[in-house]
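Please look over the sequence and the model shown below before reading on. The paragraphs after them take up a few local arrangements in turn.

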Amino acid sequence: MDAWRDFTETLRGWTVEDLGGLLARRPWLSAGRAPRSLADAARALLSDTSTRLLLDAPLPLVQVLAEAVALVDASNDFDHDFAFFASGLPGLPALPPVTLERAALAARFAHAETAPDGTGFADVLRELERRALLVPVAGDRLAMPAVMMTLLDARGAYEEPSVFEALTREFAAPAVRRIAGTLGLPNGTRTVSDNEIALLLGEPGLVREIVAGAPAEARRMLQRLVDESSGLGTHCFQRDGARFVFRDGGSGDPDTDWLAARALIVPLDDDIAVVPKEVADALRGAAPLPELSLYPGALPSGALPPGEPAGQAQAAVLETLDRVGALLAELAGRPAAPRKSGGLAVRETARLAKALGAAEDEARLWIDLAAAAGLLAVSGAGLAPTAAADRWRAASPGERIAVLVAAWYRHELVITDWPREDDARSVALAAPDDPSAPAVRTALLEALATLPEGQGASTGLDTLLLAVIWFRPMAFASAHDVPPRLDATYGEARALGLVAANALTGPGRVLAERGPDEERIAAAVDAMLPPLQERAYFQADGIAVVPGPPAPRLAALLDAAAEREGRGGAAVWRFTDATIRAALDAGTSGEALLASLATASAVPLPQTLEYRIKDVAARHGRVKVVPVACCLRSDDEALLAELVAHRALASLRLRALAPTVLASAEPPAATLHALRAAGYAPAQEDGTGALAVERPAAPAAAPRRAGRRSPDPLELARRLLDG
């Protein structure tokens with residue numbers, strides 16, 4: 001098609017940065033088979049059918065595109081029914097882009113004023129071209145992906161038939177004669193009556209005269225149907241074979257019957273009537289000029305109290321880090337069981353919430369964020385920390401929050417917005433299936449970014465919602481319960497220290513302006529928090545107090561040997577015999593633990609704590625537990641001695657536990673295999689001492705091939721422009 005060819009030539013003049021930015025905006029186009037030429041790229045961009053195309057578009061772009069869709073609809077150049085049919089059939093060629101006259105679109109916005117910064121309609125067109133949503137092609141026309149006709153379809157749920165179509169397709173002859181008589185037309189043949197009625201109702205002035213004489217309630221009903229482009233449930237028509245006649249005795253509503261008798265409403269299907277197109281057009285009058293909202297409305301604001309929003313954000317950040325750290329520790333000791341149907345078992349979420357001292361919705365936020373950040377993963381044991389969790393614990397507070405913020409920013413689910421249908425309890429780790437969630441977050445941050453420094457929004461959720469919608473209107477277009485979703489998003493942002501006191505914090509402003517730049521976000525968080533404490537105050541009753549956020553090394557030391565109790569401005573740990581024993585179990589010695597605590601103490605260690613640690617260390621390890629993969633037993637002591645000395649069995653690392661018992665470092669299957677390969681004939685027993693019956697293992701499934709990685713957008717753009 002010419003539009004594809006014209007856009008290909010346009011792309012040749014783009015820079016690598018411009019084309020790379022566009023490809024990065026639509027990652028799904030290169031997720032499978034990436035475009036191999038500029039012609040491929042142009043075709044993919046203008047044939048894109050993704051419903052995500054407009055999720056990141058602000059209101060002016062959507063308004064211009066919606067008017068372009070309306071112009072195409074008015075020209076009858078697009079077949080919605082065919083497009084819907086074709087979209088459901090795989091293997092068909094991509095729908096070509098739709099085109100319209102540039103001058104016609106510009107004329108619809110000739111009245112639009114420029115924004116205070118000078119932005120106008122021409123700038124909106126340039127931005128739409130930059131996003132490949134509305135691009136110039138030959139003949140002074142504009143082209144857009146056909147999917148726009150569906151995404152921005154302003155038609156009502158019921159299509160308006162013409163008067164002539166309704167008469168000839170839906171009405172039986174007796175009904176047509178009755179309509180003609182009611183309208184004062186002379187009696188004639190069926191064909192003459194069809195044409196006379198269509199001509200009369202095709203005159204807007206005559207239609208308005210007829211409607212002016214209608215009962216008041218009938219006029220209101222008709223205007224409402226026109227304004228909403230909706231259908232009317234009514235019993236005024238009934239079928240006579242394949243066509244409709246008027247129901248004997250009427251519908252029971254005189255106003256509906258008055259409209260039906262004059263063909264101001266016509267049957268569309270059983271018990272459904274609509275306003276015919278000519279009547280609707282007459283009552284609409286001239287199409288109103290479209291709006292072009294070039295800048296968001298100003299949010300009412302007021303001066304923030306001294307120390308805000310940083311004060312509230314500090315407390316939120318420290319609580320989040322504390323809760324996520326406690327979650328990782330809890331799951332390291334006792335992994336959580338996932339559900340077979342997906343997500344985490346509700347009882348496990350409740351257990352973790354209790355361990356964290358939080359509500360289940362809060363626990364679900366920490367669980368989902370930690371998993372999205374790669375700190376948790378499901379393995380054979382269940383949901384447990386990954387290797388990345390160890391690196392996360394050792395990082396600075398800013399680095400730790402930045403990891404969670406980046407995961408939250410991209411996560412396709414508003415985590416704490418859980419539907420309350422049938423009192424269902426929220427499920428952690430639910431499949432992320434809401435692609436509009438990132439756009440809702442971005443809209444909230446960008447709306448608050450319009451406030452001057454030192455100002456917070458002094459408004460309720462409804463007013464804030466109106467401001468937020470300007471930035472990402474399509475993120476709210478099909479969402480149910482919009483206020484709860486925005487409220488949940490705000491609460492999540494507040495927990496991460498991005499917003500507080502109805503204003504952006506330093507990290508929140510970085511995220512709004514630069515996206516998930518982890519290095520800059522980490523720096524902003526660390527600058528917002530009080531200095532990290534390197535020393536603790538140890539008390540004689542086994543309590544350790546850190547008056548502020550502890551440094552990662554200090555927190556790791558205290559977490560390993562004591563139980564955290566206090567949360568908030570000052571962190572508190574309590575030493576017990578059990579916590580000290582846990583530290584010794586982890587591999588440290590009593591002397592090493594005392595030395596580490598002395599180094600970390602702001603005051604000399606209390607003697608009571610030293611005595612307790614030495615006492616626990618003296619009793620620790622008096623009984624040894626030896627890890628054994630399996631045991632070999634035989635009454636033939638000489639045979640067992642021969643096995644220990646056999647060079648072919650060195651990989652088993654056999655050692656004697658008793659004269660008639662050997663320990664193997666390998667599991668039973670590997671041990672049996674090695675013994676048989678060396679010429680021995682061992683037998684396997686089960687845990688009760690009975691002979692175990694061996695069965696051949698089922699063949700293992702072939703490993704799945706890793707998915708193809710998407711190319712870097714800038715590198716792909718460079719390759720396409722060079723090719």
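Predicted model: local features only at pLDDT ≥ 70, side-chain atom pairs only at ≥ 80, totals over all residues.

Residues are numbered from 1 along each chain as its sequence is written, and side-chain values use heavy atoms, with hydrogens and water left out. Helices (H or I, at least four residues) and strands (E, at least two) are DSSP runs, numbered from the N terminus.

Two packed helices are described by the angle between their axes and the distance between the axes. Axes are lines fitted to C-alpha atoms, for helices over the stretch in contact, and angles run from 0 to 180 degrees between N-to-C directions. Helix α9 (residues 163–170) packs against helix α11 (residues 190–201) at about 155 degrees, the axes being 8 Å apart. The two are therefore roughly antiparallel; angles under 35 degrees count as roughly parallel, over 145 as roughly antiparallel, 65 to 115 as roughly perpendicular and the rest as oblique. On the α9 side, the contact (heavy atoms within 4.5 Å) involves Val163, Phe164, Leu167 and Thr168, and α11 contributes Arg190, Asp194, Asn195, Ile197, Ala198 and Leu201. These residues comprise 6 nonpolar, 2 polar and 2 charged, where Ala, Val, Leu, Ile, Met, Phe, Trp, Tyr, Cys and Pro count as nonpolar, Asp, Glu, Lys and Arg as charged, and the others, Gly among them, as polar.

The second pair consists of helix α16 (residues 310–333) and helix α17 (residues 346–356), whose axes lie 10 Å apart at an angle of about 125 degrees. That angle makes α16 oblique to α17. Their contact is formed by Arg323, Ala326, Leu327, Glu330 and Leu331 of α16 together with Arg351, Leu352, Ala355 and Leu356 of α17. By class, 6 of the contact residues are nonpolar, none is polar and 3 are charged.

An open sheet holds 3 strands in the order β4-β8-β7, with antiparallel pairing; two strands pair if DSSP finds at least two bridges between them. β4 (232–233) and β7 (266–269) are the edge strands, each pairing on one side only. Between β7 and strand β8 (residues 272–274) there are 3 bridges, and proline 267 has alanine 273 of β8 as its bridge partner.

Finally, aspartate 487 belongs to helix α23 (residues 482–495). Its relative accessibility is 46%, so aspartate 487 counts as partly exposed, a class between buried (under 20% relative accessible area) and exposed (over 50%), using a 1.4 Å probe and protein chains only. Aspartate 487 and threonine 416 are 71 residues apart in sequence, and their C-alpha atoms are 9.5 Å apart in space.
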